[in-house]
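Subject: Model for your review

Hello,

Here is the structure we discussed. Please look through it alongside the notes below.

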Amino acid sequence: MDPGPTDPVGDGLAASLAAPLAAPLAAPLAAHRTAHLTDPWADPLGLAQALIRCASVTPEDAGAQAVLAAALEHLGFTITRLRFGAVANLFARIGTAGPHLCFAGHTDVVPPGAAPWHADPFGGELRQGVLYGRGACDMKGAIAAFVAACARHLHGGAPRGSISLLITGDEEGPALDGTTRVLDWMAAHGQIPDFCLVGEPTNPARLGEVIKIGRRGSLNARITVHGTQGHSAYPQLADNPVHRLVRAMAALTAAPLDAGTDWFEPSSLQITSLDVGNTASNVIPAAARAALNIRFNDRHSGAALTGWLRATLAQHAERFDLDVAVSGEAFLTEPAGQVDTLARAIAAATGITPRLETGGGTSDARFIARYCPVAEFGLVGASMHQADEHVPVAELRQLAEIYQAVLGAFLP
Ligand SMILES: [Zn+2]
């Protein structure tokens with residue numbers, strides 16, 4: 001169903017969309033309809049259902065971005081489909097002037113998993129005001145809320161400034177052919193926004209509680225210390241790599257990496273594995289291995305931590321291998337200016353003053369932060385990646401209202 005990067009969104013698509021959307025839109029909208037909701041996209045429910053019905057488990061797109069593209073095209077956005085490798089991505093923009101606000105997110109989802117579901121993970125079922133399905137909160141619901149907010153904001157005509165959407169199909173996977181490559185394209189084509197809002201689920205229990213203004217970085221290291229194998233009764237003829245590795249690990253964990261900052265909790269180094277695999281009781285092994293993960297705040301960089309690991313290992317081992325993978329650097333968006341604007345818009349729409357936080361794992365915001373200020377605000381994340389992922393329809397609609405308020409604040 002994916003037409004590919006060079007194929008414009010086809011005419012046949014509107015017809016194919018009409019079927020899945022007609023049913024969900026008719027009934028739920030009736031109760032919610034207000035005078036300004038004349039555009040069918042102004043309610044996020046139908047689009048959220050249509051997106052959930054595309055089984056877009058990374059890296060499959062399963063037609064999800066065509067559904068989204070059709071909705072955005074209807075609102076007047078110019079769509080650029082960007083396929084990199086096996087991954088479908090999409091950039092959509094309306095307006096050419098500044099300020100330029102970008103909504104970012106992903107249409108891919110994690111698999112349903114082994115735990116049993118009580119609803120079809122790709123059915124988009126509504127039960128007693130709750131929408132079920134993989135991606136309901138992470139984050140097809142938020143993408144539908146982006147579109148609904150745009151539909152409402154654009155109801156009065158062209159935007160003052162520009163609105164864009166940066167959508168990837170590779171957030172839950174390796175993230176190599178997704179947001180980072182779309183950003184390269186955006187930079188090459190003069191499309192870098194003034195501010196980017198990522199719609200990842202950020203709220204623990206209620207909409208309005210938390211904006212993420214940064215994320216910790218993450219580094220994984222695999223270490224092999226080499227020694228000289230020998231008889232445990234004749235250690236003078238051997239060089240025990242286990243002793244060296246244990247001393248090195250003790251040195252690495254002897255002191256905290258830092259005491260935290262105003263916005264970040266202390267960085268943390270966790271040894272995740274120590275392996276020798278020696279089945280003999282009288283043999284000093286030839287090598288010993290360890291693995292560790294460091295979640296680090298913005299007082300560190302992946303390169304500096306790698307240098308520290310190497311120097312510490314060298315104090316305890318003459319021969320070692322160190323393989324490091326930095327999956328993301330830490331970043332922080334200054335909690336002023338645009339973050340204030342965002343927080344005020346959320347507070348006005350919810351009555352809750354959001355907390356500014358930097359916790360959790362990595363997200364695609366780590367890539368966006370290299371280009372422009374970025375913050376994250378989305379649905380309540382309690383059921384993300386779980387069986388029976390769901391979102392109350394009222395919450396979905398409230399998120400659309402919040403995003404509409406954000407558009408009003410950034411593009412007054
Ligand atoms: Zn997500």
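**What was found**

His-226 has Ala-287 of strand 14 as its bridge partner. That bridge belongs to the pairing of strand 10 (residues 217-226) with strand 14 (residues 287-296), which is antiparallel and counts 10 bridges. Strands here are DSSP runs of E of at least two residues, helices are runs of H or I of at least four, and both are numbered from the N terminus. Two strands are taken as paired if DSSP finds at least two bridges between them.

The model is a predicted one, in which local features need pLDDT of at least 70, side-chain atom pairs count only at pLDDT 80 or more, and totals for chains, interfaces and linings use all residues. Residue numbers start from 1 along each chain as its sequence is written.

The protein chain has an average pLDDT (the predictor's confidence in each residue, from 0 to 100) of 91, and 91% of the residues score at least 70. Over residues 1-37 the pLDDT is below 50, and this stretch has 47 contacts in the model beyond near neighbours in sequence. A contact means that the C-beta atoms of two residues, placed from the backbone, lie within 7 Å. Where pLDDT is low, the predicted coordinates should not be read in detail.

**Sheet and hairpin**

An open sheet of four strands has the order 12-14-10-15, with antiparallel pairing. Strand 12 (268-275) and strand 15 (319-328) are its edge strands, each pairing on one side only. From one strand to the next, the twist averages 15°.

Helix 6 (residues 241-252) lies across strands 10, 12 and 14, at about 10° to strand 14. Helix 7 (residues 302-316) lies across strands 10, 14 and 15, at about 165° to strand 15. Axes are lines fitted to C-alpha atoms, for helices over the stretch in contact, and angles run from 0 to 180 degrees between N-to-C directions.

Elsewhere, strand 1 (residues 78-84) and strand 2 (residues 87-94) run antiparallel and are joined by seven bridges. Ile-79 is opposite Ala-92 of strand 2. Two residues lie between the strands of this hairpin, where Gly-85 takes a positive phi near 60°.

**Helix pair**

Helix 2 (residues 44-52) packs on helix 3 (residues 64-74) at an angle of about 155°, the axes being 8 Å apart. Leu-47, Ala-50 and Leu-51 of helix 2 meet Ala-64, Val-67, Leu-68 and Ala-71 of helix 3.

Regards
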